[in-house]
Amino acid sequence: MSSSDEEEQANELLVLQSVYGDNVLVGDSVTDNDGAALSAFSVDVEVALETRVSLQVELGDHEPPVSEASSKAVAGFTSFVRDPRELVNAQTEAAAGVQAVLPTRSKSGRSLVATARFLPPLHLALVLPRDYPSSSPPRFTLSALWLDVEQLSLCAKALDKLWEDMAGNGVVFSWVEWLKHEAMALLGLDGNGYDGSDLEGAENIDGCGGGSGSNGGSLDDVRVVAECESPNEALVAILQYAFEEEQRAFALEVHTCPICMDEVPGMACVAGVAAGCEHAVCRQCLRVMIETAVDSATIDGIRCPMPECRSELPAALIAQLVPSETQCKWEGLRKEQLLAALPGLCYCPRCDPASAQYRHSGRPLLKGTLCKFWEAGACAAGSRCKFAHGESELVLPPQAVPCLPVDDSDLCICPECDFNFCAACYDPYHPGSECASLEARTAYLAARAARMVGQAASSSSHSSSRAAVHAKLAELKTLEVIKRTAKQCPSCRAAIERTEGCNHMQCRFCAAHFCWSCGQIIGSANPYDHFRSGGCVVFPTEAPRRGGAGPLRLTAAQRREDRLARQLLNQQRGGQNLERLQHQLALRGKRCPTCGAVNHKEDNSNHIRCHHCRGSFCFLCRADLRRGMRGHFTSTHPQHSPLDEGGIAEALADLDLAVDVI
């Protein structure tokens with residue numbers, strides 16, 4: 001090896017290490033046939049992409065496409081009794097396990113498609129001969145995960161042509177730059193296409209020819225290695241690499257949080273807070289938003305804060321941001337919300353601890369509170385005490401068991417106690433007969449309660465009968481109150497009672513907005529548009545009052561809502577009058593000639609003292625009166641003139657606003 005070749009090789013390796021850093025890996029030296037040591041190293045070339053690239057993998061014929069019918073058939077092969085809790089848990093676990101790097105199936109189901117912003121690097125392994133660059137070219141091996149042998153051979157042929165053009169000079173750096181910036185254009189992967197005409201006549205520098213592909217690439221070039229063994233696994237690996245690189249690039253940038261509007265580094269932000277969302281929000285603001293929504297039980301607001309997006313945050317991200325206690329509370333609220341959204345959901349009357357059937361079904365007495373007299377030894381009830389004597393007797397009351405109807409019928413089978421009941425009336429299942437109306441149920445319960453009262457009076461020893469009488473009477477009163485005061489939500493059918501306020505209602509269970517008067521669902525963006533049509537009024541003629549008498553008392557929040565609703569309606573009716581009112585008010589204000597502050601005339605005096613600079617001026621001509629007003633006011637330029645209250649009062653009367661003219 002000549003001293004000049006050795007120096008050129010050392011300088012070229014130094015340049016590569018300074019430009020590409022850790023992407024250049026120097027390996028152990030190799031020996032040639034004469035036993036001389038040769039320099040060997042490798043370069044990972046990151047391909048520069050201007051836009052996101054589309055990836056697609058065709059599935060084999062042995063893999064059937066996924067269709068809607070087949071998915072329904074698989075999903076329908078379940079137990080005869082459906083447990084809503086298992087469905088909700090499955091949805092929650094699926095939401096928590098969503099991976100952002102998984103591909104999706106095409107509409108035909110025959111291919112996997114995805115997009116990526118970054119691609120795994122091309123691996124270029126090099127061995128520099130002793131007479132490089134004066135005589136011999138470098139020996140190289142080119143490999144990639146996302147290119148086949150034909151495409152890699154086409155790239156190798158392009159590297160050969162570069163050596164022919166630069167023979168006698170260092171070419172490795174030019175090879176790396178070409179692979180980084182021009183390889184995609186050569187392969188036609190930049191959207192412009194390529195036919196390989198530029199490489200006609202180029203010969204392999206190692207003499208390894210072989211058959212040619214459709215684009216001029218050699219299929220037998222031993223210098224290229226296609227790392228893809230399984231297309232499906234290669235696609236997942238590419239997406240995983242792209243996801244990690246996007247996270248790394250995001251962490252190095254500075255982003256504006258849409259909540260606090262601060263410039264926050266990417267390491268303190270969340271990139272893509274939801275599936276299909278690319279907005280960046282700082283972690284601190286997201287954590288406060290989630291905790292506030294969970295504390296107020298309004299988890300519908302846990303979404304991307306951008307108005308044009310509003311994508312729902314996944315469970316995995318919520319678990320990363322908030323403490324475990326807040327996460328458990330969110331999971332409980334989310335499961336309740338998912339249960340309420342299930343069509344036909346009902347609860348087993350025998351497993352409900354609040355029902356009379358549960359209390360008189362022979363099950364053990366539930367003791368959810370410790371007896372306050374037991375520790376002092378002063379409990380006179382003994383074993384008959386309805387409170388627990390020690391933690392061993394403390395039994396937490398169970399939750400009501402949710403159930404779903406079987407197929408399209410009203411038959412419900414409890415997954416806990418196997419009780420068959422009607423989903424419409426909660427009575428034992430009665431196929432072939434209609435459900436009893438509310439009036440019939442009320443009359444039946446009243447007659448049954450009267451019979452039980454007589455039986456309890458004739459035999460005072462039956463304490464269980466007396467308890468059953470009280471339970472049935474309480475159930476009867478509950479039905480009467482519900483019938484008289486409550487209405488069903490038009491979205492989830494939950495019973496809702498309006499105690500006070502306007503006719504704009506929001507369901508606590510499904511967060512739907514609806515009108516109390518007509519029962520119609522109204523838009524959540526501006527719900528008061530429904531009342532501008534004239535069919536329904538914002539406030540009823542006779543507002544409900546707590547206790548049945550006395551004045552209606554509103555909270556501060558309700559008063560603000562009342563005031564806002566009235567202002568919106570008044571502005572809708574009096575747009576032109578409002579403009580006239582603003583014009584009249586503008587006539588009463590003049591700018592100070594000294595400081596420019598607007599001053600309003602509050603009485604008949606035209607001698608105005610500025611509230612900002614305390615200077616004096618004339619309201620009629622805005623003359624500076626700081627040195628005195630002697631001789632300024634005359635009979636034609638009076639010091640006192642009346643206010644133009646007529647126009648203002650007329651405009652206020654037309655607007656129907658309760659404002660007194662000053």
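This is a predicted model: local features need pLDDT of at least 70, side-chain atom pairs count only at pLDDT 80 or more; totals for chains, interfaces and linings use all residues.
A residue counts as buried when its relative accessible area is under 20%. The chain holds 16 helices and 25 strands. Its accessible surface comes to about 39,500 Å², and carbon and sulfur atoms contribute 51% of that area. Of the contacts between residues at least 6 apart in sequence, 56% join residues at least 24 apart.

Returning to Leu-179, its contacts beyond four places in sequence are with Val-45, Val-47, Leu-122, Leu-124, Leu-142, Cys-155 and Leu-159.

Next comes a pair of packed helices. Two such helices are described by the angle between their axes and the distance between the axes. Helix H1 (residues 3–20) and helix H5 (residues 172–181) have axes that come within 9 Å and cross at roughly 30°. Angles under 35 degrees count as roughly parallel, so H1 is roughly parallel to H5. On the H1 side, the meeting residues are Glu-12, Val-15, Leu-16, Val-19 and Tyr-20, while H5 brings Val-172, Phe-173, Val-176, Glu-177 and Lys-180. Sorted by class, this contact has 7 nonpolar and 3 charged residues, with no polar ones.

Leu-333 sits in helix H10 (residues 324–341) and is buried, with a relative accessible area of 18%. Apart from neighbours within four places in sequence, Leu-333 contacts Val-294, Ala-297 and Ile-299. The C-alpha atom of Leu-333 is separated by 8.7 Å from that of Thr-298, 35 residues away along the chain. Ser-616, in strand E25 (residues 616–618), is also buried, at 9% relative accessibility. Beyond its neighbours within four places, Ser-616 touches His-607, Ile-608, Arg-609, Ala-623, Asp-624, Leu-625 and Arg-626. Tyr-429 lies in the loop between strand E17 (420–422) and helix H12 (438–458) and is partly exposed, at 32% relative accessibility. Its contacts, again leaving out residues up to four places away, are Ser-409, Asp-410, Leu-411, Asn-420, Phe-421 and Cys-422. Between the C-alpha atoms of Tyr-429 and Asp-410, 19 residues apart along the chain, the separation is 8.0 Å.

Most residues other than glycine have a negative phi, and most peptide bonds are trans. The peptide bond from Tyr-132 to Pro-133, however, is cis, with omega near 5°; Pro-133 belongs to the loop between strand E7 (122–128) and strand E8 (139–144). Met-261, which is not a glycine, has a positive phi near 60°. Met-261 is placed in the loop between strand E10 (254–256) and strand E11 (263–265), where it is exposed with a relative accessible area of 55%. Ala-297 likewise has a positive phi, of about 60°. This alanine, one of the contacts of Leu-333, lies in the loop between helix H8 (283–295) and helix H9 (315–321). With a relative accessible area of 40%, Ala-297 is partly exposed.

Note on methods:
Residues are numbered from 1 along each chain as its sequence is written. Side-chain values use heavy atoms; hydrogens and water are left out. Axes are lines fitted to C-alpha atoms, for helices over the stretch in contact, and angles run from 0 to 180 degrees between N-to-C directions. Helices (H or I, at least four residues) and strands (E, at least two) are DSSP runs, numbered from the N terminus. Angles under 35 degrees count as roughly parallel, over 145 as roughly antiparallel, 65 to 115 as roughly perpendicular and the rest as oblique. Contact means heavy atoms within 4.5 Å. Ala, Val, Leu, Ile, Met, Phe, Trp, Tyr, Cys and Pro count as nonpolar, Asp, Glu, Lys and Arg as charged, and the others, Gly among them, as polar. Accessible areas come from the Shrake-Rupley method with a 1.4 Å probe; for residues, only the protein chains shown count as cover. Buried means under 20% relative accessible area, exposed over 50%, partly exposed in between (1.4 Å probe, protein chains only).
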